[in-house]
Structure formats: C-alpha cells, structure tokens
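Good morning, and thank you for making time for this item.

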Amino acid sequence: MQNYRYIEGSKIKMKATYLLVAFLALASFASAYDPSSLQDFCVAVPNGIKNAVFVNGKFCKDPKLVVPEDFFKHVDPGNVLNKFGSKATPVTVNELVGLNTLGISLARIDFGPKGLIPPHTHPRATEILTVIQGTLLVGFVTSNQNNTNRLFTKVLNKGDVFVFPIGLMHFQFNIGNSNALAFAALNSQNPGIITISNAVFGSTPPISSEILAKAFQVDNKVINYLQKQFSYDNN
C-alpha cells in the first residue's frame with residue numbers, strides 16, 4: 001500500500017512538473033511577440049523625444065491630443081518599374097502612428113508582369129497574404145529539421161490566402177502576364193524585413209568575399225560580381 005501511494009504521489013509530482021514546464025514555455029512564447037496594449041491606444045510621437053531613454057516601441061502621444069488622422073493612412077499603388085518588377089509599401093508604426101502597441105501592420109504589394117518579391121524574412125512577425133488581383137506563386141522554406149530545408153509552394157489566385165510562419169524565408173512571384181496585387185497582414189507593429197540577397201551580398205560593411213566564397217563554394221570573382229550587384233550604390 002505504501003509503495004502504491006509513493007508511486008501515485010510521484011505521478012502527481014511529475015504531472016505538476018510537466019504542467020509547470022508547459023506554462024513556462026507558453027509564457028516564453030508569448031513574450032516573443034508584441035506586448036499587449038495596457039490602454040485603448042498609444043499613438044506614437046513622431047521621432048520620439050530627443051535625448052530620451054530608448055523604449056521598446058514608440059513614446060505615446062497625450063491621449064487628449066490624439067486626432068482621427070493618427071489612425072488613418074492612404075496607400076497609393078507602388079511603382080513597379082524597377083529591377084524586381086514589384087513594390088511593397090509598408091504600413092507599420094513608422095507610417096501609421098496609431099498602430100503603436102497594437103501588434104499589427106500590413107503591406108500593399110504591387111507586381112508588374114513576372115514581378116518578384118525576392119526571398120526574405122520577417123524576424124518579428126508571421127505574415128498572412130491575400131491576393132486581390134492576378135496569380136502568384138508563393139512559398140517558404142523551413143528550418144533544417146531532420147537536416148532538410150523543406151520548400152512549401154502554392155499558386156494563388158484572386159481571393160486566396162496563404163500564411164508564412166514567423167522568421168522563415170519566403171517569396172512571392174507574379175507568374176501572370178498582367179499586373180497583380182496583394183495585401184499582407186503581419187502580427188507586429190514593426191515586423192522588420194531581411195532580404196536575403198541584400199543582407200548577404202549588400203551588407204555595410206560587406207562580408208568578406210573569402211567567407212562568402214567558401215560558404216557558397218564558388219570563386220571569389222563570382223562573389224565580387226554579386227556584391228557589386230547588391231551594393232547600396234546600385235540599389
């Protein structure tokens with residue numbers, strides 16, 4: 001009987017331990033995203049306050065001074081006459097101050113024929129894309145689980161929705177012969193963007209060509225050529 005009680009007690013303690021670990025994991029996961037708002041709104045003060053202490057986000061405008069325009073933004077079609085044939089126009093807290101502390105933003109994405117949003121990541125947000133016009137080939141690549149970076153792709157038409165998990169490299173390509181339009185919603189007021197080619201070959205200062213040549217297993221001349229294509233002088 002004593003052994004039975006000991007075993008049962010051990011099981012209860014083990015379950016309690018699992019519950020505590022799960023709770024801590026959930027708390028850690030939640031803290032990785034934008035904090036919940038502690039008031040109805042917190043309209044950002046443009047450019048912050050000079051010489052003020054840094055904060056995780058933006059300083060709040062006095063609620064008595066908030067106006068409807070703080071929550072409004074008109075977004076024009078983007079100019080797709082560039083080397084990628086596309087234009088992503090962000091609406092983050094930097095463009096719409098009323099988004100401060102709300103944990104959300106969006107982007108209007110215009111595509112010319114065969115226009116491309118090149119492979120990139122958002123370090124602070126999951127993205128959900130809705131196609132308004134045209135046909136897009138989209139995809140993302142997983143982390144190297146089981147030593148494999150798995151590619152997920154899908155052809156999207158008007159009205160289709162696709163989600164890109166936080167931090168994973170993804171792309172959007174207009175496979176049609178006419179313009180396309182999509183809107184992306186992101187669960188951060190400032191999701192950030194890292195375009196892979198720009199980060200690798202166009203960083204400031206540049207990454208050593210010796211390092212990149214070894215990483216990509218190519219000649220230094222190839223790296224030098226790519227760095228010239230993605231230098232900020234050529235963007």
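This is a predicted model: local features need pLDDT of at least 70, side-chain atom pairs count only at pLDDT 80 or more; totals for chains, interfaces and linings use all residues.

Let me begin with the largest pocket. Its space comes to about 820 Å³. Which residues lie nearest its centre? They are Ala-88, Pro-90, Ile-117, Ile-193 and Thr-195, out of a lining of 31 residues. Two or more lining residues come from each of these strands: E1 (86-91), E2 (105-111), E3 (116-121), E9 (180-186) and E10 (194-195). By class, the lining of the largest pocket holds 14 nonpolar residues, 13 polar ones and four charged ones.

I turn now to the helices. Two packed helices are described by the angle between their axes and by the distance separating those axes. For helix H3, residues 209-216, and helix H4, residues 220-230, the angle is about 110° and the axes are 9 Å apart. An angle of 65 to 115 degrees counts as roughly perpendicular, and H3 and H4 are therefore roughly perpendicular to each other. Their crossing is right-handed. On the H3 side, the residues in contact are Ser-209, Glu-210, Leu-212 and Ala-213; these meet Asn-220, Ile-223, Asn-224 and Gln-227 of H4.

Finally, the backbone. Where is Pro-205 placed? Pro-205 is found in the loop between helix H2 (196-201) and H3. The peptide bond leading from Thr-204 into Pro-205 is cis, and its omega is near -10°. The other point is Thr-101, in the loop between E1 and E2. Thr-101 has a phi near 75°, a positive value in a residue that is not glycine.

Thank you for your attention.

Conventions: Residues are numbered from 1 along each chain as its sequence is written. Side-chain values use heavy atoms; hydrogens and water are left out. Axes are lines fitted to C-alpha atoms, for helices over the stretch in contact, and angles run from 0 to 180 degrees between N-to-C directions. Helices (H or I, at least four residues) and strands (E, at least two) are DSSP runs, numbered from the N terminus. Angles under 35 degrees count as roughly parallel, over 145 as roughly antiparallel, 65 to 115 as roughly perpendicular and the rest as oblique. A crossing is left-handed if the near helix is turned anticlockwise from the far one by less than a right angle, and right-handed if clockwise. Contact means heavy atoms within 4.5 Å. On a 1 Å grid over the protein atoms alone, a cavity is a set of points where a 1.4 Å probe fits but cannot get out, and a pocket is an open set with protein on both sides within 12 Å along at least five of seven lines; lining residues have an atom within 4 Å of a point. Grid points are joined across faces, edges and corners, and a volume is the space filled by probe spheres set on the points. Ala, Val, Leu, Ile, Met, Phe, Trp, Tyr, Cys and Pro count as nonpolar, Asp, Glu, Lys and Arg as charged, and the others, Gly among them, as polar.
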